[in-house]
Amino acid sequence: HTVASGSAMALDSSAIAVRSVASILSSSLGPLAANKMMVDPMGRVLVTNDGATILRQLHVQHPAAELLAALAREQERSAGDGTTSSVIVCARLVQELHRLTRQGWHRVPLVRALHQAQ
């Protein structure tokens with residue numbers, strides 16, 4: 001029971017971290033994209049709506065949020081664009097998987113389904 005509770009808490013924590021990152025980026029996507037104003041450790045102000053830049057400036061610490069940042073870095077490296085869209089789509093998948101696990105679905109068939117969808 002304790003392991004399951006700890007596992008559920010870890011899933012909840014990861015889902016919250018992923019949702020938080022996606023929430024920050026979602027308003028910077030599309031034709032009505034809003035810029036984000038950030039201040040770096042040196043006090044310099046940066047204004048951008050580029051997802052990769054925003055994620056670099058966030059310095060995320062949660063492992064699930066760091067995976068999204070890594071996704072954005074790889075998307076930027078390989079395609080040069082689409083970082084925000086990639087993060088938002090991935091976050092949506094995580095939210096749906098979290099919802100299904102909370103409804104009682106076991107993670108193994110969900111992971112298998114994701115592998116088949118590749």
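1. Let's start at the end of α2. The residue that follows this helix is His-59, and its phi is positive, near 55°. That's the value in a predicted model, mind you. His-59 isn't a glycine, yet it has this positive phi. It sits in the loop between α2 and α3. Buried or exposed, then, for His-59? Exposed: the relative accessible area of His-59 is 53%, and the cut-off for that label is over 50%.

2. Going back into α2 itself, there's a run of buried residues: Gly-51, Ala-52, Thr-53, Ile-54 and Leu-55. Leu-55 turns up again in the largest nonpolar core, as one of the residues with the most contacts inside it.

3. On that core: how many residues does the largest nonpolar core have? It has 16, and Val-21, Leu-25, Leu-55 and Val-87 are those with the most contacts inside it. The elements giving two or more residues to this core are α1 (2-26), α2 (51-58), α3 (63-79) and α4 (83-102). As general background, nonpolar side chains tend to be buried together in soluble globular proteins.

4. Val-21 is a handy place to look at the core from. Leaving out residues up to four places away in sequence, Val-21 touches Leu-55, Val-60, Ala-65, Leu-68 and Val-87. Two of these partners, Leu-55 and Val-87, are also on the list of residues with the most contacts in the core.

5. Val-18 is another one to click on. This residue is in helix α1, and it counts as buried because its relative accessibility is 3%, under the 20% cut-off. What is Val-18 in contact with, leaving aside its neighbours within four places in sequence? The partners are Ala-64, Leu-68, Ala-91 and Val-94. For contrast, take Met-42: it is 24 residues from Val-18 along the chain, and their C-alpha atoms are separated by 27 Å.

6. Next, the α3/α4 pair. These helices pack at an angle of about 145°, and their axes are 9 Å apart. Their crossing is right-handed. From the α3 side come Leu-68, Leu-71, Ala-72, Gln-75 and Glu-76, and they meet Thr-83, Ser-86, Val-87 and Cys-90 of α4. By type, the residues of this contact divide into five nonpolar, three polar and one charged.

7. Now the charges. There are six salt bridges in the structure. In general, side chains of opposite charge can pair when their charged atoms come close. The bridge links distant parts of the chain, since Asp-12 is in helix α1 and Arg-102 in helix α4, 90 residues apart. Asp-12 is partly exposed at a relative accessible area of 21%, while Arg-102 is exposed at 53%.

8. Two other bridges have a distance of 2.7 Å. In one, Arg-44 pairs with Asp-40, their closest N and O atoms being 2.7 Å apart. How do the two ends compare in burial? Arg-44 is exposed, with a relative accessible area of 54%, whereas Asp-40 is buried at 15%. In the other, the side chains of Arg-73 and Glu-66 meet at 2.7 Å, N to O. Both ends are partly exposed here: Arg-73 at 45% and Glu-66 at 29%. There's also a network, with Arg-92, Glu-96 and Arg-99 joined by salt bridges that share partners.

9. Last one: Thr-48, in strand β2 (residues 45-48). Thr-48 is buried because its relative accessible area is 12%, and the limit is under 20%. Not counting residues up to four places away in sequence, Thr-48 touches Asn-35, Lys-36, Met-38, Thr-53 and Ile-54. Thr-53 and Ile-54 bring us back to α2, where both are among the buried residues. Ala-34 is 14 residues from Thr-48 in sequence and 8.4 Å away in space, C-alpha to C-alpha.

Methods: Residues numbered from 1 in each chain as written. Predicted model: local features only at pLDDT ≥ 70, side-chain atom pairs only at ≥ 80, totals over all residues. Heavy atoms only, no water. Core = buried A, V, L, I, M, F, W, Y, C linked by side-chain atoms within 4.5 Å. Buried < 20%, exposed > 50% of the residue type's maximum accessible area, 1.4 Å probe, protein only. Helix = DSSP H or I, 4+ residues; strand = E, 2+ residues; numbered from the N terminus. Contact = heavy atoms within 4.5 Å. Axes fitted to C-alpha atoms, helices over the stretch in contact; angles between N-to-C directions. Left-handed = near helix turned anticlockwise from the far one by under 90°. Nonpolar A, V, L, I, M, F, W, Y, C, P; charged D, E, K, R; others polar. Salt bridge = Lys/Arg side-chain N within 4 Å of Asp/Glu carboxyl O.
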